[in-house]
Amino acid sequence: MNAAQLELGQKATVIGIRADESNRLRMIQMGVTAHAPIRIVKRAPLGDPLELEIRGYRVCLRKAQAESILVHTEAEQ
């Protein structure tokens, strides 16, 4: 599952990033690392961009960027 597939308010844990090297490094610098808690806060009316809460701060990402963040929810266990 990826971060763009989460429902509003749903919490998950990052398990990895599937992106090219420059985008992957940029996301790591923003705190998107393995085991980081992540939550969808808002979606734009057309679904792009998304506002995510990661490690207690909020960041807006394009849907394509959020799709590259692999997450694990408690329901998937």
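Is S22 buried or exposed? S22 is exposed, with a relative accessible area of 53%; buried means under 20% relative accessible area, exposed over 50%, and partly exposed in between, for a 1.4 Å probe and protein chains only. The views below show a predicted model, in which local features need pLDDT of at least 70, side-chain atom pairs count only at pLDDT 80 or more, and totals for chains, interfaces and linings use all residues. Residues are numbered from 1 along each chain as its sequence is written, and side-chain values use heavy atoms, with hydrogens and water left out.

**View A. S22 in helix α1.** S22 is found in helix α1, residues 21-29. Helices (H or I, at least four residues) and strands (E, at least two) are DSSP runs, numbered from the N terminus. The C-alpha atoms of S22 and G47 are separated by 24 Å, and the two residues are 25 places apart along the chain.

**View B. The open sheet of five strands.** The strand order is β4-β3-β2-β1-β5, and the pairing is antiparallel. Two strands pair if DSSP finds at least two bridges between them. The edges are formed by β4 (57-61) and β5 (69-72), each of which pairs on one side only. On average, neighbouring strands of this sheet are turned by 45° against each other, direction ignored; axes are lines fitted to C-alpha atoms, for helices over the stretch in contact, and angles run from 0 to 180 degrees between N-to-C directions.

**View C. Strand β3 beside β4, with E51.** Five bridges join β3 (residues 50-54) to β4 in the antiparallel sense, and E53 stands opposite R58 in β4. Strand β3 also holds E51, which counts as buried at 15% relative accessibility. Leaving aside neighbours within four places in sequence, E51 is in contact (heavy atoms within 4.5 Å) with R39, I40, V41, K42, R58, V59 and C60.

View D. The antiparallel pairing of β1 and β5 runs over four bridges. In this pairing V14 stands opposite V71 in β5. The covered face of β5 has I69 and V71, whereas L70 and H72 are on the uncovered one.

**View E. The largest pocket and its lining.** About 180 Å³ of space lies in this pocket. On a 1 Å grid over the protein atoms alone, a cavity is a set of points where a 1.4 Å probe fits but cannot get out, and a pocket is an open set with protein on both sides within 12 Å along at least five of seven lines; lining residues have an atom within 4 Å of a point. Of the 14 lining residues, K11, A12, T13, P37 and I38 are the closest to the centre. The elements that give two or more residues to the lining are β1 (11-17), β2 (37-43) and β3.

**View F. Backbone geometry in three loops.** Most residues other than glycine have a negative phi, and most peptide bonds are trans. H35, in the loop between α1 and β2, has a positive phi of about 75° although it is not a glycine; H35 counts as exposed at 68% relative accessibility. R55, in the loop between β3 and β4, has a positive phi of about 55° and is partly exposed, with a relative accessible area of 45%. A cis peptide bond joins D48 and P49, with omega about 10°, and P49 is found in the loop between β2 and β3.

Conventions:
Grid points are joined across faces, edges and corners, and a volume is the space filled by probe spheres set on the points.
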